[in-house]
Amino acid sequence: MRSQPTILHLDMDAFFAAVEQASKPSLRGKPVVVGGLGPRGVVSTASYEARRFGVHSAMPTAQARRLCPNAAYLGSRFGVYRAVSDMVMELLHRLSPLVEPLSLDEAFVDLEAGEALDGTSGGPQGAREVGERLRADIRAATGLSGSVGLAGSKMLAKIASEQAKPDGLVLIEPGTEREMLAPLTVRTLPGVGPATAETLRRAGITSVGEVVEAGVDELLRLLGKAHGTSVHAMAYGTDDRPVVAERDAKSVSVEDTYDVDLTDRTRVRLEVERLAGRCVTRLRAAGRSGRTVVIKVRSYDFSTLTRSETLRGPTDDPGVVKESAQRLLEGVDTTAGVRLLGVAVSGLADFTQEDLFAQAQAARSEAEAEAAQEAAEATKEAAGAGEESALSGAHEPVVLADRQWIPGRDVRHAEHGRGWVQGSGVGKVTVRFEEPDSPPGRVRTFSVDDPDLEPAEPRMLDAQIAAVLAWREGASGSGGRADQSPAPATRPKSRSGGTGASPPTGTSSP
């Protein structure tokens with residue numbers, strides 16, 4: 001473990017929900033829940049306003065609706081989140097070449113490997129200055145807030161950022177690690193999950209301080225040599241894991257959970273083909289190929305099985321992946337009902353095996369023709385039964401051909417301009433017309449087949465939008481969330497864009 005707090009951990013605050021609030025003026029300061037919207041949907045992120053009602057990530061959406069019925073429930077817009085994440089990661093790379101992303105909204109930074117500490121006072125104060133400057137830069141670039149932890153190890157930096165939430169900075173001074181860790185629950189330590197925590201609880205060990213008091217011999221007896229040694233070291237704050245800049249993905253995968261169990265074999269085959277196509281799209285977007293195709297099938301009773309097939313070489317050809325997935329599906333009994341389907345490609349490489357194209361070409365044409373015929377029949381049958389679409393998944397409701405009226409999605413109307421979907425049903429779609437840098441907009445309702453209404457590309461958050469958000473925050477006197485840093489005096493200065501008398505150049509006053 002380092003003698004100086006030069007490992008930084010950034011965790012964006014309620015990231016998905018915060019992006020939606022920044023994009024939609026009418027939702028700022030109100031509870032927002034992002035995730036799956038169907039009966040079996042799961043919460044991805046809840047805003048802090050929604051968390052006050054007990055809503056949290058991984059909670060079933062149905063339960064969240066009971067706890068917070070007045071929240072805005074929105075589908076995910078991963079393209080937007082990734083674009084904003086790229087802006088944040090670029091700011092981190094300016095601090096150091098050693099940046100280890102953990103997800104779209106979370107990363108470690110090794111400050112020792114960069115020049116970020118140059119020109120600072122050095123030591124803990126210099127690290128704090130870097131962290132505060134980073135938070136200010138993120139807010140200036142995106143209008144969003146992030147929490148920063150600084151410590152001499154990855155474990156402690158992550159614990160510090162969690163304590164800093166929301167919108168704060170916590171630095172763990174060298175030499176204070178054990179004192180800080182002692183009162184925390186054992187679940188705070190990496191590698192201590194529910195099973196390990198229960199084992200320790202039965203032995204009367206519930207806090208990190210009690211882990212230290214128990215001693216290494218007791219931990220070895222309870223947890224075994226490898227796990228016991230690791231937990232004991234972590235309890236002392238010892239963590240020598242380096243910040244790793246490159247984390248190669250082992251696979252690319254997609255999956256869908258369905259509101260109603262799938263029992264029709266044709267529908268299952270169509271879903272697998274659709275998922276395979278989405279998987280290849282992601283594979284190509286990453287510039288990769290793979291040689292092992294995997295399908296995942298979860299039955300009505302939650303039993304889950306996987307089947308895999310390894311090709312003769314890596315490929316990114318959608319026909320090859322679809323055919324392989326269909327072959328794997330043939331060996332799976334789905335008659336009792338399917339709750340979830342997934343397709344993955346692993347064994348990733350940076351090249352493709354060209355001869356696989358010729359190998360699959362003949363079979364592909366026949367398979368595509370057959371699938372197209374089956375899709376047409378399934379769609380016709382579903383329309384007769386009054387369903388929205390025979391091909392829609394739990395999180396991908398299709399209302400009209402290629403137009404998807406999912407709450408939160410961006411739309412454009414020929415007369416009223418840009419807006420986003422508030423909800424849809426019984427042949428109607430409700431839209432609120434507003435943009436990230438506009439005042440809260442008006443709500444209008446249209447027929448789902450209104451020719452003047454169409455899906456639109458989202459408007460990205462940028463520095464200009466961030467300036468507008470900062471000006472409105474300053475003009476309203478809200479000031480933002482309180483900093484939970486131990487040194488409030490080091491907070492960055494207001495970036496409200498002036499005295500509050502007028503909005504930033506190029507924008508209109510609300």
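Q: Which residues line the largest cavity?
A: The general idea: rolling a probe the size of a water molecule over the atoms shows where empty space is left. Here the lining consists of Ser23, Lys24, Arg77, Asp410, Arg418, Gly419, Trp420, Glu434, Glu435, Pro436, Pro458 and Arg459. A cavity is a set of points on a 1 Å grid, over the protein atoms alone, where a 1.4 Å probe fits but cannot get out, and lining residues have an atom within 4 Å of a point. One caution: this is a predicted model, where local features need pLDDT of at least 70 and side-chain atom pairs pLDDT 80 or more, while totals for chains, interfaces and linings use all residues. Numbering runs from 1 along each chain as its sequence is written, and side-chain values use heavy atoms, with hydrogens and water left out.

Q: How many cavities of 30 Å³ or more are there, and how much space lies in the largest cavity?
A: The count is one, and the largest cavity holds about 100 Å³, taken as the space filled by probe spheres on grid points joined across faces, edges and corners.

Q: Which strand gives the most to that lining?
A: Strand β14 (residues 417-425), with three residues. Strands (E, at least two residues) and helices (H or I, at least four) are DSSP runs, numbered from the N terminus.

Q: What lies over the face of Trp420?
A: Lys24 does, at 5.4 Å from the ring centre. The test wants NZ of Lys or CZ of Arg within 6 Å of the ring centre and within 35 degrees of the ring normal. Elsewhere, the charged end of Arg65 sits over the ring of Tyr73, 4.3 Å from its centre.

Q: How many salt bridges does the count come to?
A: Side chains of opposite charge can pair when their charged atoms come close. This model has 28 salt bridges, each a side-chain nitrogen of Lys or Arg within 4 Å of a carboxyl oxygen of Asp or Glu. One of them joins Arg459 and Glu435 at 3.4 Å, N to O. That pair links distant parts of the chain, 24 residues apart: Arg459 is in the loop between β17 (453-455) and α14 (463-476), Glu435 in the loop between β15 (428-433) and β16 (442-447).

Q: Which residues are linked in a network of salt bridges?
A: Asp256, Arg267, Glu271, Arg274 and Arg278.

Terms used: On a 1 Å grid over the protein atoms alone, a cavity is a set of points where a 1.4 Å probe fits but cannot get out, and a pocket is an open set with protein on both sides within 12 Å along at least five of seven lines; lining residues have an atom within 4 Å of a point.
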